[in-house]
Structure formats: C-alpha cells, structure tokens
Amino acid sequence: MKQIIMYGADWCGDCRRAKQWFERSSIAYVWVDLEQEPDMIDVVTKYNEGRKNIPVVVFPDDSHLTEPTDADLDAKCRALELDCSS
C-alpha cells in the first residue's frame, strides 16, 4: 500500500495544523518539506493545476486534498477506510 504524503513547509499554519491532525489520529504520513526539497514543488503544482497552495496531501489512491480542514481530512480518511481516531 502506498503511503500518505504531505507536501508543505514548516512556516505554513495549515501545514502545522494538518500534521497535528495526523498525529492526533495516529495516521502515518510522509512529510515532504518544500523548503528542504524545493524541486518537489513540481508535484504540488501538478496536483494544484499550476498553483502552489500548500499543504497538498496525497492519499494511497492518488487522490489529494489541498489546504484541507480537519473535517476534510477526517472525511477522506474515513472514506478510504483508514483508522481515524481523532
């Protein structure tokens, strides 16, 4: 199974909030810090049709959410039948 990957930056409030949601929910994810890996911004713009909005959370089914709320993350993880305990 593929992993959840979140692309973002430490200075981004939405990124920090999404990281906290994943940690509270005990859902594993891979963090890609775009400040440390700027070449990965191409992935962000691919999912966002040219925009650089973050965070971008890519799920195992290759679907994604951009700037998701906690409710968005909860609904998506439940739809994918990932264990959400938040």
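Predicted model: local features only at pLDDT ≥ 70, side-chain atom pairs only at ≥ 80, totals over all residues.
**Entry on Ser63**

I began with Ser63 and looked up where it sits, which turned out to be the loop between strand S3, residues 56-58, and strand S4, residues 64-66. I then asked which residues Ser63 touches, leaving aside those up to four places away in sequence, and I found Val57, Val58 and Lys76.

**Entry on the nonpolar cores**

Next I turned to the largest nonpolar core, which has 13 residues, and I wrote down that Ile4, Phe22, Val57, Phe59, Leu73 and Cys77 touch the most other members. I looked up which helices supply at least two residues of this core each, and they are helix H1, residues 13-24, and helix H3, residues 70-79. H1 gives the most to this core, with three residues. I also found another core lying apart from it, made of eleven residues, including Ala9, Cys12, Leu34 and Ile54.

**Entry on Lys19**

I ended with Lys19, which is found in helix H1. Is Lys19 buried or exposed? I recorded it as buried, because its relative accessibility is 19% and the cut-off for buried is under 20%. Leaving aside residues up to four places away in sequence, I listed Met6, Asp10, Tyr29 and Trp31 as the residues that Lys19 touches.

Note on methods: Residues numbered from 1 in each chain as written. Heavy atoms only, no water. Helix = DSSP H or I, 4+ residues; strand = E, 2+ residues; numbered from the N terminus. Contact = heavy atoms within 4.5 Å. Core = buried A, V, L, I, M, F, W, Y, C linked by side-chain atoms within 4.5 Å. Buried < 20%, exposed > 50% of the residue type's maximum accessible area, 1.4 Å probe, protein only.
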